[in-house]
Amino acid sequence: MNEKELSKYLSYILRHKPEEIGLELDSEGWGNIAELIKKSQPVNHAPLSWAAIQAAVTNSDKKRFQISDDGLKIRAVQGHSTAAVNLSFAEKAPPAFLYHGTALRFIESIKAQGLLSQERQYVHLTEDQQTAESVGSRYGKVKIIIIDALKMHNEGFKFYQAENNVWLVNSVPVRYTDLGDAE
Ligand code: HQG
């Protein structure tokens, strides 16, 4: 596995399917690295190395992963869909506006339902339009949605920020977006 493949593999196991290799994650998302290496071996013919894992963590463009202070455990800092994990994010007031990049073809549905977390635990938002652009373009022709985040927060919605600065919220009603009021 090259570094990109390893990063995708780590995302898959640590965010979505730890059970696929029988890896136990605690509620904060931590899994034991030695166990991850051992249990990955049947899936990945060449054994993963500590150094490769460390490099994938350090070089992750979005800082997706974290290694524990004692060096023994690893977790994804956001993006989970697995019910085994429930990270205890601290609530935080967001900036005035946040961005969400999506595909143009999802817009009608988003206008009808607002932004929903879909398979993941939260809707992911960013302060950075460039990031929103690249996130949205994974699914097709991109559309950037502007979210009136501080207003939402002031009206009672809880916002969280992951270690890698991604903003998280349970859902975004369409009235807080620049898509119009229809709900
Ligand atoms: C869309 C990446 C129809 C939503 C990024 C998105 C992010 C709706 C898709 C992280 C909808 C879900 C997450 C509705 C939302 N109707 N479509 N009502 N509400 N959607 O991948 O935000 O590279 O689960 O717009 O950096 O794209 O993986 O979420 O297009 O932080 O580390 O449903 O993934 O990080 O897609 O991306 P996703 P996302 P990584």
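The model is predicted, so local features need pLDDT of at least 70 and side-chain atom pairs count only at pLDDT 80 or more, while totals for chains, interfaces and linings use all residues. Residues are numbered from 1 along each chain as its sequence is written, and side-chain values use heavy atoms, with hydrogens and water left out. The chain is assigned domain 1 (3-76) and domain 2 (98-178), with bounds that come from an automatic or database domain assignment.

**Domains**

- The centres of domain 1 and domain 2, taken over C-alpha atoms, are separated by 27 Å.
- Seven residues from domain 1 and four residues from domain 2 take part in the contact, where contact means heavy atoms within 4.5 Å.

**Nonpolar cores**

- A nonpolar core is a set of buried Ala, Val, Leu, Ile, Met, Phe, Trp, Tyr and Cys residues joined through side-chain atoms within 4.5 Å; buried means under 20% relative accessible area, exposed over 50%, and partly exposed in between (1.4 Å probe, protein chains only).
- The largest nonpolar core has 27 residues, of which L10, L14, L36, I53 and I74 touch the most other members.
- At least two residues of this core come from each of α1 (3-16), α2 (33-40), α3 (50-59), β2 (65-67) and β3 (73-76); helices (H or I, at least four residues) and strands (E, at least two) are DSSP runs, numbered from the N terminus.
- Helix α1 gives the largest share of this core, five residues.
- Domain 1 and domain 2 each supply at least three residues to this core.
- Leaving aside residues up to four places away in sequence, I74 touches L10, L14, G29, W30, G31, I33, L36, I53, V57, Q66 and I67.
- A second, separate core has 17 residues, among them L98, W167, V172 and L179.

**Largest pocket**

- The largest pocket holds about 1,400 Å³ of space. On a 1 Å grid over the protein atoms alone, a pocket is an open set of points with protein on both sides within 12 Å along at least five of seven lines, a cavity is a set of points where a 1.4 Å probe fits but cannot get out, and lining residues have an atom within 4 Å of a point.
- Grid points are joined across faces, edges and corners, and a volume is the space filled by probe spheres set on the points.
- Of the 47 lining residues, K62, R120, V135, R138 and Y139 lie nearest the centre of the pocket.
- The largest share of the lining, eight residues, is from α1.
- The lining comprises 14 nonpolar, 21 polar and 12 charged residues; Ala, Val, Leu, Ile, Met, Phe, Trp, Tyr, Cys and Pro count as nonpolar, Asp, Glu, Lys and Arg as charged, and the others, Gly among them, as polar.
- Domain 1 and domain 2 each give at least three residues to the lining of this pocket.

**Cavity**

- There is one cavity of 30 Å³ or more, and the largest cavity holds about 50 Å³ of space.
- Q78, G79, H80, L87, F89, Q121, Y122 and H124 line the largest cavity, and by class they are three nonpolar, five polar and no charged.

**Selected residues**

- K63, in the loop between α3 and β2, is not a glycine but has a positive phi of about 50 degrees.
- K63 is partly exposed at 44% relative accessibility.
- Q118, in the loop between α4 and β5, has a positive phi near 55 degrees, though a residue other than glycine.
- Q118 is exposed, with a relative accessible area of 65%.
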